[in-house]
Amino acid sequence: MIPEANCKPDFLYKEDGIAVFCDGSVHDSPEKRKQDQIDRDNLKHSTSYHIIVLRHDEDWRRELTKLASL
């Protein structure tokens, strides 16, 4: 839990300043997507963490390849 943002990423790399969210199908509803966006915006504006979201319906290999190039 990141108290200042009231947010709990699935993985948190404090030294690197990275918060990772792995969104399964429970994150598909419009209401949950809206709440996720609010939570992540709050995290972005309250901390210096970089946010990574990996959704169940995306090609993770492609996303991770993009991240590796950063």
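Reply: A salt bridge here is a side-chain nitrogen of Lys or Arg within 4 Å of a carboxyl oxygen of Asp or Glu. The model is predicted, so local features need pLDDT of at least 70 and side-chain atom pairs pLDDT 80 or more, while totals for chains, interfaces and linings use all residues. Residues are numbered from 1 along each chain as its sequence is written, and side-chain values use heavy atoms, with hydrogens and water left out.

Me: What makes Asp23 and Arg40 a salt bridge?

Reply: Their side chains meet at 2.8 Å, N to O, and the cut-off is 4 Å; therefore the pair counts as a salt bridge. The two residues are 17 apart, Asp23 in strand β2 and Arg40 in helix α1.

Me: Why is Arg40 called buried?

Reply: Its relative accessible area is 10%. Buried means under 20%, exposed over 50%, and partly exposed in between (1.4 Å probe, protein chains only), so Arg40 is buried.

Me: Why is Asp28 called partly exposed?

Reply: Asp28 has 33% relative accessibility, so it falls in the partly exposed class. Its salt bridge partner is Arg55, with the closest N and O atoms 2.5 Å apart.

Methods: Helices (H or I, at least four residues) and strands (E, at least two) are DSSP runs, numbered from the N terminus.
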